[in-house]
Amino acid sequence: MILGAPLRAWWQQLGAIMLKEGKQVVRDPSSWIIAVILPLTFLFLFGYGISLDTTVVKVALVREDASRDAEQLAGALGHSRWFRVDWYTERPRAERALRDAAVKAVVIIPAEFGRLLHATGGGAQVQVLVDGSEPNTANYVRGYLSAVWNEFLAARASELGVSQAPVLDVAVRYWYNANAISRWFLIPGSMTVIMTLLGTLLTSLVIAREYERGTLEALYATPLTRGQILLGKSLPYFLLAMISMAVCVLTARGLFQVPLRGSLLTLGLVSATFLVPALGQGLLISVSMRSQMAAAQLGLMTGYLPAMMLSGFLFDIHSMPGWLQLLTYLIPARYMNVSLQTVFLAGDIWAVLLPNMLFMLLVGTLFFALTWRRLHKRID
Amino acid sequence: MLQRLFAIVRKELITMLRDPRARASLIVPPILQLFIFASAATMEVKNISLAVVDLDDGPYAADLEQRLAGAPSFTALPRYPSVQAARKALEREQVLGMLVLPSGLSAQLAREHSGVVQLLMDGRRSNAAQITAQYVTAAITPAGSASAAPLDTAAAAGPVPRAELVIDNWFNPNLEYRWFMLPNLVGTLSLGVALMLTALSVARERELGTFDQTLVSPATPVEIALGKLLPSLLVALLQTTLYLLLVTQLYGVPLRGSLVIFYGAVLAFAAACAGVGLFISSLVHTQQQAFLGAFAVLLPFALLSGFATPVENMPWWLQLFTGVNPLAHMLRLMQGVFLKGSAFAAQAHELMQLVIIALCTTLASVVLFRRKAR
Amino acid sequence: MVTAPEPAARVQALVKSFGATRALDGISASLPAGTILGLLGPDGSGKTTLIRLLAGLMTPTAGSVEVLGRRPDAEGGATQAEVGYMPQRFGLYEDLSVLDNLSLYADLRALPTPARQARFAQLLAFTGLAPFTARLAGALSGGMKQKLGLACALLGRPRLLLLDEPGVGVDPLSRRELWRMVNELLQQGVTVLWSTAYLEEAERCAHIWLLDAGRLLYAGAPQELSQRVAGRVFRRPVAAGTARRAADAELERPGVLDAVIQGASVRVVARAVPVAQFAPPAYQAVAPRLEDAYVELLGGARKGASALAQGWPSRAPERGSVLVRARGLTRRFGDFTAADRVSFEVRAGEIYGLLGPNGAGKSTTFRMLCGLLRPTAGEASVAGVNLLHAASQARARLGYMAQKFSLYGDLSVRQNLDYFADIYGLRREARRTRVNAMIDMFDLGPHLRDNAALLPLGYKQRLALACATLHAPAVLFLDEPTSGVDPLMRREFWHHIGALTTRGVAVVVTTHFMEEAEYCDRIGLIWRGRKIAEGTPDELKQRVRSSAHPEPTLEDAFIALIGSEAA
């Protein structure tokens with residue numbers, strides 16, 4: 001009983017502050033926007049708007065040769081599932097279309113193509129102009145065109161009954177994502193961004209808001225301890241973020257058919273672990289800033305932007321320069337991104353998950369320790 | 001009229017530039033962002049490590065390794081004795097994929113003049129994996145002279161059709177990803193600044209009560225709106241000039257179009273963004289709402305502009321949105337002016353669209369300022 | 001009554017600095033237990049800092065603080081458990097209900113559940129909030145918020161209660177209620193510290209500490225301070241409608257330190273004791289008040305004719321013409337009616353006071369008049385024009401000073417003046433002369449290059465008045481221009497405002513200071529969005545005069561009129 005009474009008081013105080021935060025979250029429209037509308041918009045945009053899968057490319061075809069070979073090549077292009085062919089009769093017009101971005105490439109089958117193809121001296125050429133201003137698309141176009149070209153040559157060769165030089169083909173298979181659907185890795189990645197927004201941006205406001213509204217001093221003037229304040233402020237947002245995560249997972253499974261190959265339990269564990277650094281970062285920002293505006297801006301700059309750009313979600317970390325790769329080790333979203341992609345697409349591979357979770361906890365502990373130091377229950 | 005407009009513009013500029021920290025915040029973060037994003041935002045894949053599993057034990061493994069090692073993107077080609085072992089490495093993200101030479105490959109090649117190697121990639125990083133697969137395919141089966149990639153030219157026998165596929169990359173001969181990304185960043189980074197700056201400055205004045213002070217003065221809503229727009233334009237001009245210098249001088253991206261078009265595009269774009277910002281601010285009461293509102297439009301603007309992925313990849317109903325997205329127009333303008341050297345006539349359409357967006361949003365906010373009633 | 005020997009709080013050579021500024025500059029005093037202490041001083045004098053130090057929310061830069069025998073800033077909450085603190089804005093969560101707020105603070109103070117219901121019932125009855133437990137705290141009136149704040153501070157049965165300006169913005173009725181509650185607490189042995197900018201509130205405390213610019217000017221009983229001017233305070237009854245001029249004339253006399261309007265007479269404080277010139281029957285000696293002593297302590301009221309009025313470009317509108325007209329002005333926000341059919345007229349050369357507590361609808365009415373808010377019904381016109389649709393020329397005839405400081409804080413004083421001169425279209429010569437005149441008459445010279453946000457409150461208000469009058473408007477709207485400023489600055493303000501009427505300016509002013517309303521020619525009493533009475537100050541007092549109340553103050557009149565309204 002001697003121990004019981006203070007302990008009960010401790011829990012009572014903690015419960016009160018949690019309940020208060022919870023009620024405020026429920027009543028504040030802006031937290032609903034961040035917790036529900038924003039995640040869904042995000043998933044939606046990434047699910048539909050962002051696609052790295054080049055589907056059908058428009059190319060201009062200028063055929064200056066009337067031979068059967070030219071016809072066959074044109075036919076091969078036209079039948080390819082990668083291209084939609086616009087026919088042009090004059091080069092300058094086709095080139096203008098390329099300049100105006102109406103087509104991504106111009107294929108020119110010059111006069112004499114058919115004759116030169118079978119000439120002993122060779123010298124037949126097909127000219128291709130690719131729009132290089134989007135290098136990614138340009139690479140795809142080059143790849144697809146080469147494939148069509150190789151097929152065409154092989155077909156001509158076998159038609160003539162000539163044996164070919166040994167050809168090595170590459171059969172590409174994608175593990176975990178057989179059709180290489182970019183949505184499958186973008187959606188788990190965007191969940192990282194969403195969780196960062198919720199965990200960091202929303203909590204970055206909580207203490208700054210009380211400071212602005214003048215309730216912080218009333219709270220500090222009560223016998224509450226630092227630990228209670230930190231716990232009481234983070235747990236409701238932890239719950240909110242977990243609920244939001246559940247909504248995201250349902251949407252990802254139901255609407256976008258992203259597979260979940262790991263277990264739900266692991267997914268929950270990973271998410272919970274990520275929230276430690278995310279909430280810690282938000283609270284650290286919140287105790288350091290005196291206005292919600294400043295806190296939100298800092299939250300965006302240090303939470304959201306890195307989660308977008310440096311987490312490996314849109315851009316591969318391994319391809320970044322060394323100094324930038326080092327910087328990413330400080331970004332919790334980096335660990336979350338790898339973990340989520342693994343749990344969703346590969347399964348419960350603990351060899352990947354454990355080290356990442358450990359790092360998340362480390363970064364999180366750092367943030368909470370700093371917050372603890374800055375939160376001295378004083379307002380000067 | 002002009003006296004009042006200048007007074008408002010001067011006041012805005014003083015507010016923005018009065019203290020050194022505010023001045024620095026207009027210059028330093030944008031430049032830092034340009035540096036970081038230019039390094040981070042790349043769809044080129046580098047530093048690839050690819051496992052090689054040679055089950056064939058013939059001469060080809062060494063040959064293929066050599067071809068891959070010649071390509072700049074591959075930094076490590078560790079050998080693994082079995083697919084299982086390589087798969088373990090792949091699972092742990094130690095390698096991005098594996099190249100498997102099946103047993104009997106040499107024999108098959110000798111017999112049938114064709115064979116297949118398997119490339120197994122990590123689909124979790126499907127984008128990097130796809131691009132790497134292209135690299136590998138291109139290294140192993142280059143399209144080009146003669147027939148498809150003879151492994152051993154001496155073995156080519158008989159009169160095969162001889163032809164060449166000559167591929168030219170226009171605008172960006174080496175397909176440098178930075179040439180694409182940096183002009184895009186010029187647009188994207190100035191979007192946020194122009195939009196946020198305007199949206200927040202009005203909301204801030206509302207919160208502080210200074211907006212009322214100006215509304216009861218003889219200043220007209222048009223003057224107030226222009227007074228808010230012009231400083232944002234000036235800031236955008238300043239920042240894009242900095243970007244222009246960095247992008248062309250430091251990163252070596254060519255500027256093939258005229259400077260007049262460049263600055264025309266910047267002005268029209270900044271006006272459109274500031275107009276959108278103004279419009280948001282005419283709908284909200286507090287800075288927090290303005291911030292959320294600006295964030296809520298910035299996100300789709302940036303994602304659906306073609307900045308990260310091509311507009312053509314989106315479903316048609318999302319492509320419709322690009323008409324009202326100033327950034328989509330701006331990116332096309334920037335590609336035109338930097339890489340393509342497009343003439344004014346080719347760009348006039350995009351410029352007009354930006355001007356229309358600027359006019360509509362500004363007019364709408366003037367009307368809303370006039371209504372005033374909350 | 002026996003005073004406990006141990007003081008409830010004690011500060012010793014206390015210094016608190018924020019950067020280069022010293023908010024508190026070496027204060028030593030002790031707070032006797034079981035009594036009420038008034039912490040008095042103008043805005044920015046260090047009152048709030050001192051209270052926060054006592055509540056353990058700040059650590060002293062130098063010196064020591066002791067509360068109930070302990071250092072208040074030690075963690076562990078031993079002191080916090082025995083101290084109740086109500087911050088300036090009451091510390092309520094406005095998005096939570098009354099009961100939520102109470103439960104929260106009860107839990108935070110670890111009140112055991114069985115005791116809680118009884119304590120809630122007690123406090124709800126005590127504060128009269130019982131019918132409103134489900135209402136959101138943000139939807140309460142100022143007076144109710146303050147009571148709730150007090151209830152929350154009282155939950156843990158504190159031995160020391162710290163109240164930071166509980167009387168600001170609260171209507172007189174609620175203020176009286178609050179005093180009743182505090183007196184009850186005093187009887188239970190609680191020590192109360194009450195900070196205020198109002199001298200009449202401080203006068204009711206057992207002890208006062210008077211702070212100015214971080215220094216303790218006086219500590220002791222208020223009556224003792226008042227005695228400094230004993231025998232030097234007089235009252236001269238004057239004819240109705242001439243009080244303002246009479247007070248100005250009195251102040252110009254060499255032997256006079258201070259002269260203010262008090263009811264239908266002028267209250268005069270003499271500079272020194274030979275007071276032959278204030279002989280009866282024209283003058284009657286009266287008992288000194290704290291305010292008289294306060295003004296003396298700070299050097300007396302400012303003399304001289306209003307430079308603002310003297311430099312006024314003469315284009316006086318015809319005296320007596322109606323310049324401001326409100327007809328049935330109504331404004332609803334959702335189902336809440338902020339202003340309900342408010343009508344009045346203001347003529348050239350007249351000061352019209354809108355009087356009422358915060359949240360009564362004064363500012364809403366004001367904003368509708370200025371064209372900042374669209375009325376739900378009714379019509380407002382200024383100089384014959386409806387400002388909501390007016391051309392910009394019409395707005396040039398109006399000057400507006402908002403309730404809270406609303407100049408550009410990150411612009412310097414000079415830049416603010418230049419900005420408003422340009423916005424109001426002042427050209428070359430006129431621009432230069434007017435701006436320079438403003439700098440001279442409001443003593444802004446030393447602050448010209450300072451950011452407006454960093455000015456002391458008094459200078460902020462001066463600058464705001466300067467910016468609102470640069471263009472010599474025909475109509476001046478002043479929304480609580482003297483809120484929070486000290487009595488000396490208040491005198492200066494009213495001096496200018498009064499003088500402007502001689503130039504034919506029509507002034508509409510809001511205030512919740514009852515004594516300030518005496519300066520107005522006519523008053524409209526606003527209560528819950530409606531104008532419940534209108535008339536000259538004398539007329540209003542006349543309406544409630546009775547044998548029990550032979551000489552009612554405006555505050556008495558207000559309370560009586562509200563009472564009859566409620567009945």
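Within chain C, residues 24 or more positions apart account for 70% of the contacts with a separation of 6 or more, where contact means heavy atoms within 4.5 Å. The model is predicted, so that local features need pLDDT of at least 70 and side-chain atom pairs count only at pLDDT 80 or more, while totals for chains, interfaces and linings use all residues. Residues are numbered from 1 along each chain as its sequence is written, chains are lettered from A in the order in which they are written, and side-chain values use heavy atoms, without hydrogens and water.

Chain C holds 18 helices and 22 strands, counted as DSSP runs (H or I of at least four residues for helices, E of at least two for strands). Its radius of gyration of 24 Å agrees with the value near 24 Å that a compact globule of 567 residues would have, the radius being taken over C-alpha atoms and the globule rule being 2.2 Å times the number of residues to the power 0.38. Of these residues, 59% count as buried, that is, under 20% relative accessible area with a 1.4 Å probe, protein chains only.

| Item | Value |
|---|---|
| Residues of chain B in contact with chain C | 28 residues |
| Residues of chain C in contact with chain B | 37 residues |
| Area buried between chain B and chain C | about 2900 Å² |

Buried area is the accessible area (1.4 Å probe) that two parts lose on being put together, summed over both. B:Gln3, B:Gln213 and B:Val216 supply 24% of the area that chain B buries against chain C, more than any other three residues.

Methods: Buried < 20%, exposed > 50% of the residue type's maximum accessible area, 1.4 Å probe, protein only.
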